[in-house]
Amino acid sequence: MKEKQIWQLIDRMTIEQKLGQMSVCEYGDLMKGGDNVYTGPKGEFALTEEQKKIVGGVLNFKDASAMIALQKKHLEEDPNKIPLLFMLDVIHGYKTTFPIPLAIGCSFDTDLAERCARAAAVESAVSGVQVTYSPMADLCRDARWGRVMEGFGEDPHLCAEMSAAFVNGYQRNADKNYEIASCIKHFACYGAAEAGRDYNCVDMSSYTMDEYYMPGYKAGVNAGAAMVMTAFNSLNGTPCTANTMLRDKLRTEWGFNGVVISDYNSVAELVNHGCARDLREAAKLAIAAECDMEMVSTTYLQEGAALVESGEISMEQIDRAVFRILSLKNRLGLFENPYAAADVQAEKRFCRCAGFLSLARKASTDSCVLLKNDGILPLKKRNGIALIGPFADSKEIIGAWSCNADPAHAVTIREAFCEENIEFEYARGCGDSLEESDRRGFSEAIAAAKRCETVVLCIGESMRYSGECRSRTEICLPPLQTELFEKIYETNPNVVVVLFQGRPLHIRALLKSRAVFTMWQPGAEGGHACADLLFGKSNFSGKLAMSLPHSVGQLPLYYNHYETGRPFDPNNAGAWTSKYIDAPNEPLFPFGYGLSYSKFVFSDAKITACGVKKENKMRVSVRVRNESDIDGSEVVQLYVRDVAATMVRPVRELKKFKKICLSAHTETVVEFMIGPKDLGFVHSDGSFYAEPGEFQVLIGGDPRGLLRLDLIYKEDKMRYNISRIAMREMAEPYVEAQNEQQRIL
Ligand code: BGC
């Protein structure tokens with residue numbers, strides 16, 4: 001359809017039909033057999049039979065046949081024959097489940113992320129999905145918040161790169177049929193919910209917002225995301241669904257002209273926030289803020305016509321929203337083919353096909369993070385192993401938010417061991433719930449640990465405790481699992497701990513074991529990936545996308561914090577500096593940390609001026625050598641520190657990263673181009689530029705031992721003139737974290 005035809009269609013529509021387009025309801029509202037989870041009183045939101053015929057979108061349906069049946073019914077009933085938009089939370093794969101987004105973040109591999117999203121799009125598209133409510137671009141610093149599993153961690157650059165990769169994966173395919181629209185969420189700052197309590201308010205300076213929280217959403221928008229979802233929280237006093245930021249930042253500043261959708265029921269919740277007297281005022285505020293679509297609550301349909309009649313909302317405002325919605329449907333080709341790629345036969349062909357499963361296995365492997373290894377890994381023998389713990393044979397490793405995937409398809413570690421003909425004894429030990437108190441499985445587990453040479457202990461946090469509305473204050477392992485660990489360790493100290501988690505947990509007590517690695521929630525191929533890593537068929541290459549805390553009281557915790565006036569001095573621990581008296585400032589393991597079976601050595605860090613004059617870029621290079629007999633991959637990380645600026649700056653910020661593959665005993669030189677864009681920040685007047693002065697460039701594969709280069713960025717009105725940049729090389733080791741012992745008073 002041409003733009004003109006869309007406007008002609010809008011001209012023919014009644015106000016009710018327009019408001020219908022702006023409304024999204026549950027599949028079960030329109031067809032029998034859907035599971036509706038109402039977060040508000042259903043009576044208030046009930047649609048009349050006439051209203052059901054004119055809604056614009058639907059969420060939470062099962063498969064292609066359900067989609068096709070509903071679309072057919074809808075097209076028979078809708079007076080304008082406007083196809084419904086079918087939406088779903090495809091978060092980490094559809095039928096093939098990939099690792100949770102936090103784990104994908106740990107892969108530091110945007111190409112892998114994009115391929116996973118593309119595979120999810122293919123499976124979703126043939127199953128009738130046209131929009132996925134993904135990726136979640138919310139920056140996450142507080143592991144108490146259950147939804148950190150859906151994000152890409154604590155770093156704005158990584159979050160931005162991953163968000164863009166997901167959008168590209170969903171929205172770009174050589175075959176247009178298999179593209180789906182991506183909805184970036186939750187605008188804005190949902191990840192900063194105070195005290196990590198879901199839905200809680202957020203109060204934040206615009207400086208911090210621009211510096212840390214906006215890059216993720218902005219990158220998604222720049223990558224062309226078709227939709228943006230508002231957040232549940234209030235931000236600086238106004239709930240996001242009615243926040244002027246939707247207009248001022250998202251649309252005006254960033255030029256987003258796609259569809260904005262509320263989160264589930266969040267228009268009606270403006271009343272609960274105490275910002276709207278009633279549902280009528282809630283509708284008015286959200287429409288005025290240019291929230292085009294309302295999810296599940298029905299205030300637009302119930303109150304919109306009266307608002308237009310009274311002049312509180314103009315018809316132009318409504319028409320603009322409807323234009324954006326119809327334009328999206330048009331872009332997806334729904335007017336020509338309302339069923340898009342939905343196809344029961346294709347569903348059978350594509351869903352869980354061999355190619356996607358092997359991609360899932362790779363993604364699970366590459367997102368695991370090895371935290372400790374005294375040399376016990378990879379395991380040398382394929383016998384004499386006790387496989388113990390509630391996650392050793394659990395299908396739950398598939399991960400929360402697995403949408404329409406069947407957990408039965410998950411390959412457990414026990415199943416993978418059997419496939420690999422490992423000689424092992426299995427004992428569950430105990431259950432995985434937080435309240436677990438049943439110790440009856442202990443004796444069998446202890447006996448197995450006694451008989452075997454090595455123990456692989458699979459423990460962690462069940463997927464039931466992470467995700468939406470799953471905030472926790474004690475982010476520890478369930479106490480009975482810690483007890484199981486202690487008992488096993490006393491019996492046989494040759495313990496390898498395999499962790500499952502949807503958030504960073506407090507795991508200090510486990511570090512006495514010989515090796516520890518986390519698989520997060522690895523998805524359906526987790527068992528295979530685990531066996532591959534344990535026995536050295538694969539190598540570890542993941543790095544933490546979120547720091548693991550030393551103590552829960554350190555939260556929110558993030559490496560890129562602003563410097564204080566009294567920085568901690570490890571050589572003068574008793575001084576009156578910014579510190580805790582009962583815990584170090586440093587995390588147990590920082591962002592960017594992760595071990596490998598290979599040994600990578602970094603040297604020859606250099607900066608050289610280069611490139612096109614106009615671009616004012618510098619080339620930073622470093623030599624990386626794999627000094628081991630094992631092939632492996634390493635994440636080369638480049639951080640920047642502004643030594644003195646007009647504003648307090650982060651102690652360091654990730655600006656570039658690259659995952660490289662190095663065969664045993666080979667080396668390569670990795671290069672990055674950095675320019676004023678990487679040195680600058682948004683100033684109080686809203687302008688972005690780099691300030692002249694001294695900068696440090698820190699480069700390496702382990703944040704605890706980076707090479708440092710110093711450079712001077714010289715003031716220049718033209719700012720883009722390479723000749724004004726003077727550089728000097730200093731390559732000296734920069735040790736960011738000190739030993740724990742030195743830190744504790
Ligand atoms: C979540 C969103 C999700 C929506 C639809 C809400 O509760 O916050 O992230 O997309 O439900 O399922």
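At what angle do the axes of helix H17 and helix H21 cross, and within what distance do they come?

**Entry 1: ground rules.** I noted that this is a predicted model, in which local features need pLDDT of at least 70 and side-chain atom pairs count only at pLDDT 80 or more, while totals for chains, interfaces and linings use all residues. Residues are numbered from 1 along each chain as its sequence is written, and side-chain values use heavy atoms, with hydrogens and water left out.

**Entry 2: two helices.** I looked up H17 (residues 354-367) and H21 (residues 526-534), whose axes come within 8 Å and cross at roughly 55 degrees. Helices here are DSSP runs of H or I with at least four residues, strands are runs of E with at least two, and both are numbered from the N terminus. Axes are lines fitted to C-alpha atoms, for helices over the stretch in contact, and angles run from 0 to 180 degrees between N-to-C directions. I then listed the contact (heavy atoms within 4.5 Å): H17 gives Arg361, Ser364 and Thr365, and H21 gives Gly526, His528, Ala529, Asp532 and Leu533.

**Entry 3: a sheet.** I traced an open sheet of six strands with mixed pairing, in the order S11-S16-S15-S14-S12-S13; two strands pair if DSSP finds at least two bridges between them. Strand S11 (369-373) and strand S13 (424-427) stand at the edges with a single partner strand each, so one side of each is left without a neighbour in the sheet. On average, neighbouring strands of this sheet are turned by 15 degrees against each other, direction ignored. Inside the sheet, S12 (residues 385-388) and S14 (residues 454-460) run parallel and are joined by four bridges, and I found that Ile388 has Leu457 as its bridge partner in S14. Helix H20 (residues 479-491) packs on the sheet, where it touches S12, S14 and strand S15 (495-500), and its direction makes about 170 degrees with that of S14.

**Entry 4: backbone exceptions.** I reminded myself that most residues other than glycine have a negative phi, and that most peptide bonds are trans. The bond from Leu377 to Pro378 is cis, with omega near -10 degrees, and Pro378 lies in the loop between S11 and S12. A cis peptide bond also joins Lys185 and His186, with omega about -10 degrees, and His186 sits in strand S5 (residues 181-187).
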